[in-house]
Amino acid sequence: MGTGYKQGDDFQLRLNRFGARTTFVANNLPATAEGRYISRQILRSGMAAAPNYAEARAAESRADFIHKLRIVLKELNETRPWLEQIVANGLFSRDKMVAIIAENQELCWMVAASIRTARGSDKRI
């Protein structure tokens, strides 16, 4: 196996773990109307990145790969404000959320860098 495949496996595992962490957060939100609503949203977007990345890895072309990576980025970008909303609504403290918010941001940067690399450095995401 080449280095790229190992890096892809490592990133897939990281996205899987991120999805599991968002599930943990969602499952521990209060059973209030806002808690249930945010829980559903964060479950959907937070868990979507990993399977979409798996699809990207099986892309049929460079364009398909880029398109699917953009979906991964879209889901991660959507997850961030839900994580922030949990803090803003006082459901969890910033201290409890700082690590997952930081992980979300780092994953976004990594996917964006992959898109730039796949497209070429002179093109926008």
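1. A salt bridge here is a side-chain nitrogen of Lys or Arg within 4 Å of a carboxyl oxygen of Asp or Glu. The structure holds eleven of them. In one, D10 pairs with K6, and the closest N and O atoms are 2.8 Å apart. Both D10 and K6 sit in helix α1, four residues apart, about one turn of the helix. Helices are DSSP runs (H or I, at least four residues), numbered from the N terminus.

2. A word on the basis: this is a predicted model, where local features need pLDDT of at least 70, side-chain atom pairs count only at pLDDT 80 or more, and totals for chains, interfaces and linings use all residues. Residues are numbered from 1 along each chain as its sequence is written, and side-chain values use heavy atoms, with hydrogens and water left out.

3. Helix α2 (residues 33-57) packs on α3 at about 155°, with the axes 8 Å apart; axes are lines fitted to C-alpha atoms over the stretch in contact, and angles run from 0 to 180 degrees between N-to-C directions. The two helices α2 and α3 are therefore roughly antiparallel (an angle over 145 degrees). Their contact comprises 15 nonpolar, six polar and five charged residues (nonpolar: Ala, Val, Leu, Ile, Met, Phe, Trp, Tyr, Cys and Pro; charged: Asp, Glu, Lys and Arg; polar: the others, Gly among them).

4. Helix α3 (residues 62-88) also meets helix α4 (residues 94-119): their axes come within 9 Å and cross at roughly 160°. So α3 and α4 are roughly antiparallel too. The residues of this contact divide into 18 nonpolar, five polar and six charged.

5. Do look at the largest pocket, with about 270 Å³ of space. A pocket is an open set of points on a 1 Å grid over the protein atoms alone, where a 1.4 Å probe fits, with protein on both sides within 12 Å along at least five of seven lines; lining residues have an atom within 4 Å of a point. The volume is the space filled by probe spheres set on the points, which are joined across faces, edges and corners.

6. Which residues lie nearest the centre of the largest pocket? They are Q7, G8, Y53, F65 and S114, out of twelve lining residues. α4 gives the most, with five residues. The lining has seven nonpolar, five polar and no charged residues.

Notes:
Angles under 35 degrees count as roughly parallel, over 145 as roughly antiparallel, 65 to 115 as roughly perpendicular and the rest as oblique.
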